[in-house]
Amino acid sequence: MPLTNTPEWLALKAHADDLAGQHLRDLFANDAQRFERLSRLGLNLYFDFSRQRLTEETIRLLAKLADARGLHSRIDAMFAGEKINTTENRAVLHTALRNRGDRPVLVDGQDVMPEVRASLDKMRNFVEGVHGGRIHGHTGKSFTDIVNIGIGGSDLGIVMATEALAKYRNRNLRLHCISNIDGVQLGDVLEQVDPARTLFVVCSKTFTTLETLTNANIARQWIVDRLGQGAPARHFAAVSTNSKAMDAFLIPPQNRFTMWDWVGGRYSLWSAVGLSIALALGMDQFELILEGGHEMDEHFRTAPFDKNLPVLMGLIGIWNRNFLGLNSLAVLPYDQRLHRFPAYLQQLDMESNGKRTTLDGQQIEWDTGAVLWGEPGSNAQHSFFQLLHQGTARVALDFLVPVNASSPYQQQQNLALANCFAQAQAFAFGQTEAQVRADLAAKNTPEADIARLIPHKLHPGNRPSSIILFPRLGPKTLGRLIALYEHKVFTQSVIWGINAFDQWGVELGKKLADSLAPVIENPAGTQIDASLCGLMDHVVKWRG
Ligand code: F6P
């Protein structure tokens, strides 16, 4: 039976119709306990969803839907190493990478934990070697610059986590991350660094990604030109599942780090892809991130749905997407250190749940993944919040905010908190005609102007948001937050009946780019698709 015909879905639809006329102002006014009822504390994350347009009954109905969709058994299947990524016939075990207990994790009957632990030991040895100078460049100089080359999951998590935890950075090592194809990042970094003191870490699960291989090959040649043929062996490390490609790139065994096909690219920061994080922050900090992730795994595996933070977040997302028709989620961290968190979540969420086919190959007839985007507050307030408050587009919001400052200036974080809470209130309750009138009258505004201004100054409110409040941003908290969103995404994929772990949609563009690259390089004599002729004429005319 299609999802939208199930009794649980139909019950939610009827419930949404019942609630439709009620403003968040009414929902709060009618229930003095609303905040207590619709907020949860777990792992030092305070999840306040009282400003979502729902009631306890909504949560009860959503939990019934989750039961009916088999969420419990899907969670168990993931943790047990079943091949739930069916289009690639792979297990999904990023959770094994942060399994800090002694629980074995079996893939095809084989416990993968010994390999996971061996990989962590190898990372620690390498990181400590670089930090202590035992691992050094070709001319004997210690490293001062790490250049991570990778894209997507082999870049975004590294950038996000090292920015978030910048206060833990090793002061003797600078980290640079190069991902994009256009060469700008690479050119800028190579201008700044000393080849004798630079270590490149090439991260690519497949080691076939055009951007990464292009950047890595140019970097390699740059080292050869400056330090000689033998130098890359000391100036390159790599992380990949593809050992043949690492052979071809002449990465020596002590500098190569393996990963497994059961780690999805966008979940790979927990694997040796985190090497650059560990180099930048130290292995102890990296392991604390893993611990935070593991704690969230245990919570997700064991907490009842109505107390389970990722499940609740996922279900609220379903409510907003499928029953309130909100097709966009803005993530707004009120801590500058989290400025790349929305970008990180974009890949996690949209590459996972941007699907239109069910697990058994049927075309989907309900909405799936929302568009996710965001910026740190309070910058965001001064750019796009106008549209969120008064525009016609309707967007769900996640506010993330630590109580204690990530800077030395707690007073400023107090202001960040005030802004965050104020925005959540404004989105929920808006500003009524009576309030606008009273405000203007208090400023002695003439009646004619009051009447003219009221429609412009009204804030409709009823814009749903959640607040995730936590004591401070540190490695464990970051690990918890990342895993929270990972499991939220998985929860939604189970409800929608889609595979959150493949990404076939990115392949077509890659294939076309491969075939167009030689045409752009040398258009003469090639057959050019009619749709591109005009553009190619100008490429040829303008190329300097
Ligand atoms: O963009 C698609 C994708 O496959 C992502 O899933 C992945 O994170 C990225 O490319 C990079 O892939 P790789 O690590 O294999 O270079």
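User: Is Leu-43 buried, partly exposed or exposed?

Analyst: In this predicted model, Leu-43 sits in the loop between β1 (39–42) and β2 (45–48). Buried residues have under 20% relative accessible area and exposed ones over 50%. Because the relative accessibility of Leu-43 is 27%, this residue counts as partly exposed.

User: What is the phi of Leu-43?

Analyst: Most residues other than glycine have a negative phi. Leu-43 is not a glycine, yet its phi is positive, with a value near 50°.

User: Where is Leu-250 found, and what is its relative accessible area?

Analyst: Leu-250 lies in the loop between α12 (243–248) and β9 (256–258). This residue, not a glycine, has a positive phi of about 60°. Leu-250 is exposed, as its relative accessible area is 56%.

User: Which peptide bond is cis, with omega near 0°?

Analyst: Most peptide bonds are trans. Ser-378, in the loop between β11 (371–374) and α17 (385–390), takes part in a cis bond whose omega is near 0°. The bond in question runs from Gly-377 to Ser-378.

User: Which strands are linked by the salt bridge of Arg-174 with Asp-145?

Analyst: The closest N and O atoms of Arg-174 and Asp-145 are 2.9 Å apart. The two residues are 29 residues apart and belong to distant parts of the chain, Arg-174 in strand β6 and Asp-145 in strand β5 (residues 145–149). The strands linked are therefore β6 and β5.

User: Are Asp-349 and Lys-488 buried or exposed, and how many residues separate them in sequence?

Analyst: The side chains of Asp-349 and Lys-488 form a salt bridge at 3.3 Å, N to O. Asp-349 belongs to helix α16 (residues 341–353) and Lys-488 to helix α21 (residues 475–496), so the bridge ties together parts 139 residues apart in sequence. Asp-349 has 5% relative accessibility and therefore counts as buried. Lys-488, also at 5%, counts as buried.

User: Which residues does Asn-320 touch, leaving out those up to four places away in sequence?

Analyst: Asn-320 is placed in helix α15 (residues 309–323). With a relative accessible area of 5%, Asn-320 is buried. The residues touched are Gln-52, Gly-325, Leu-326, Ala-396 and Pro-464.

User: Which residues form a positive surface patch?

Analyst: Arg-171 is one of them, located in the loop between α8 (156–164) and β6 (174–178). Its relative accessibility is 67%, so Arg-171 counts as exposed. The patch is formed by Lys-167, Arg-171, Arg-337 and Arg-472.

Note on methods. Residues numbered from 1 in each chain as written. Predicted model: local features only at pLDDT ≥ 70, side-chain atom pairs only at ≥ 80, totals over all residues. Heavy atoms only, no water. Patch = residues over 30% accessible without salt bridge, like charges linked within 9 Å, V, L, I, M, F, W, Y side chains within 5 Å. Areas by Shrake-Rupley, 256 points an atom, 1.4 Å probe, with all protein chains shown as cover. Salt bridge = Lys/Arg side-chain N within 4 Å of Asp/Glu carboxyl O. Lys, Arg positive; Asp, Glu negative; His and termini not counted. Charge placed at Lys NZ, Arg CZ, Asp CG, Glu CD. Helix = DSSP H or I, 4+ residues; strand = E, 2+ residues; numbered from the N terminus. Buried < 20%, exposed > 50% of the residue type's maximum accessible area, 1.4 Å probe, protein only. Contact = heavy atoms within 4.5 Å.
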